[in-house]
Amino acid sequence: MSAQNLFVMLQGQQVGPVSKRELQQWVRQRKVKPSDLVWDELQGVWQPISESEETRNIFLQSQTAEKIVLAIGGGKGGVGKTVITIALGMALASFGRRTVLVDADLGGANLHTFLGIEDPEYTFFDFYTMQKSSLNDILLDTSLENLKFISGACGTLGLANPKYSQKLHLIRQLKQIDADYILLDLGAGSSYNVIDFFLAAGEGIVISTPEPASIQETFYFIKTALLRKLTQTFHRHPELSSIFDVHGYFNDREATFSIKELYKKVENIDNDAASVFQGILRKFQPKLILNMVMQSEEALEGMALKTAVGEMLMLEMDYWGFIEYDEDVRNAAMQKKPFMIWNPKSRAAKRISQIVSAKLMNFSRLKSYLENKRLQRNLNRLNAKVEPTSQETIICSVNCLYWDECEYQNGGYPCSVRHLENTLRHWEK
Ligand SMILES: Nc1ncnc2c1ncn2[C@@H]1O[C@H](COP(=O)(O)OP(=O)(O)OP(=O)(O)O)[C@@H](O)[C@H]1O
Ligand SMILES: [Mg+2]
C-alpha cells in the first residue's frame, strides 16, 4: 500500500483503496471519526486514523483549518443578498464544504422563507432568551447534505436593535459554529448593527445592482465600514481621538474629510498610526458581486465601482463577477425554493457555481467544469424529490389568518389565500 492508497475500516467494513485526498475530504465532511481504523503498512496493524503515521496529519490539519466567515451585505435593500447567500451556500455544500447560513438580518429575517421553511423549529430568539446557550444548538437542517442554517428571529422586532454587548456575544458565538464556511446574510442599510457584522466576518461580499442608486449605496456602505474600522482602531489614541470619536463621527465639524485627507492628518500626527492605517487599507478588501444585470454593458458598472473604491477609498476591491437578471430566480422565490434547486442549469445558478469554484475553491478550469456538472446533477436530483403542493384542495377553516374577513368562511370552497397562513403567522403578533 502506498501513502496515496489507504484502506480504512468504517463500521466494521473495509473500504479502499482510497487516496489521501479522499480521506481528507471525508474527515472534513465528518464521514470518518478519529477513532476509525486505517491499515498501518509500517506496523502491519489497524490503527486509529488520528494515530497512524500516514494519516495523523490529516486530522491535525482539519482541526487547525481556519473556518471562513463570509458576510454578505451591501447597503441597498432588495438587491439579492439573501438569494445569493443561499446560492453560495448551496454551491459550497455541493462541493463538500460543511456550510452554515446565518440569517443575520435582525430586523427582517426571511432566509428561511426562501428555503421553503415556514415555521423554523429554533430561531435566534431561543438564543437571545437563553433557552439555547450555543448557536450550535439552534442549527437547522436543510434538504442539502452539508448545508445547515440558523433562522432569524422572525416577527420579534425587539431583536432588531441588540445591545452592543449582545452583539459582541453573538459575534463571538458565530465564530464557534462547527463548520467550514459560515455565511452571514445581512440586512439592508449601513447602520452599525449591519456594519459590525460585516467587519466581524473574515471576508465581506457586497451585492449591488448596476443601477446608480444601488452603486451609490454600496459605495457608502464600504466607506462607512472603513470609517467604522478606523474609528474602532484609533478612538483611544490620545491625539487621534480629536479626529475620531467612539461613535464613528468626526469630531472636527469644520470639514468632512476624504480618506486621503484623513490619512494625511493621521500621518502628520503619528507615523506609527499611519502605518496601522495603511495596514487596514491593505487588509480590508471587500468582494463585489453585481446582480440583476440586464445587458452585458451593465456588467462594466462593477469595474467602475471597483475603480471608484480604489481611487476614493484607497481600497482594493475584488470584482468577483456578475449575475444576470434571471426569471428563474424570481420564479424560484415565488415557489419558496432556492433557485439553485429550482433550476440548477439556470444562468444565475451557473454564475454562482463558477464564482464559488473560481474564487472560493480555487479549482482549475477542468476541475471546475467537472465539479459544476456534478453539482447540477446533484441539485437536479434534489429538485425532483420535492413533491408539488396543491392549493386547490385546501378548504377554509376557523384557524385561518383571514377568518372573519373572508367571504368563504362558511367552508366548502377552495381558498386562494390559505397557503399564506404559515408564511405570515409570525408577523400577525
Ligand atoms: N438575478 C436575479 N434575477 C431575477 N430576480 C432576482 C435576482 N436576484 C434577486 N432577485 C429577486 O429579488 C428579490 C429580492 O431578493 P433578496 O430578498 O435576496 O434581496 P435582499 O437584498 O436580501 O433584500 P433585503 O435587503 O430586503 O434583505 C428576490 O425575491 C428575487 O425574486
Ligand atoms: Mg435579505
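Student: Contact here means heavy atoms within 4.5 Å, so which residues in helix 9 meet helix 10?
Tutor: Ile259, Leu262, Tyr263, Val266, Glu267 and Ile269 in helix 9 meet Asn271, Ala273, Ala274, Phe277, Gln278 and Leu281 in helix 10, where helices (H or I, at least four residues) and strands (E, at least two) are DSSP runs numbered from the N terminus. This is a predicted model, in which local features need pLDDT of at least 70 and side-chain atom pairs count only at pLDDT 80 or more, while totals for chains, interfaces and linings use all residues. Residues are numbered from 1 along each chain as its sequence is written, chains are lettered from A and ligands numbered from 1 in written order, and side-chain values use heavy atoms, leaving out hydrogens and water.

Student: At what angle do helix 9 and helix 10 cross?
Tutor: Helix 9 (residues 259-269) and helix 10 (residues 271-283) cross at roughly 150°, and their axes come within 6 Å, the axes being lines fitted to C-alpha atoms over the stretch in contact, with angles from 0 to 180 degrees between N-to-C directions. Helix 9 is therefore roughly antiparallel to helix 10 (under 35 degrees is roughly parallel, over 145 roughly antiparallel, 65 to 115 roughly perpendicular, the rest oblique).

Student: And how do helix 6 and helix 7 pack?
Tutor: Helix 6 (residues 164-174) packs against helix 7 (residues 192-200) at about 30°, with 11 Å between the axes, which makes the two roughly parallel. On the helix 6 side, Tyr164, Lys167, Leu170, Ile171 and Leu174 meet Tyr192, Asn193, Asp196, Phe197 and Ala200 in helix 7.

Student: New topic, how many salt bridges are there?
Tutor: The count comes to 10, taking a side-chain nitrogen of Lys or Arg within 4 Å of a carboxyl oxygen of Asp or Glu. One of the salt bridges joins Asp180 and Arg98, whose closest N and O atoms are 3.4 Å apart. Asp180 lies in the loop between helix 6 and strand 9 (181-186) and Arg98 in the loop between helix 3 (81-94) and strand 6 (99-104), so the pair ties together parts 82 residues apart in sequence.

Student: Which peptide bond is cis?
Tutor: The bond from Gly16 to Pro17 is cis, with omega near 5°, and Pro17 belongs to strand 2 (residues 13-18). Most peptide bonds are trans, and most residues other than glycine have a negative phi.

Student: What about the phi of Asn146?
Tutor: Asn146 is not a glycine, yet its phi is positive, about 75°, and Asn146 sits in the loop between strand 7 (140-141) and strand 8 (147-150).

Student: Last one, where is Leu370?
Tutor: Leu370 is in helix 15 (residues 365-385).

Note on methods. Contact means heavy atoms within 4.5 Å.
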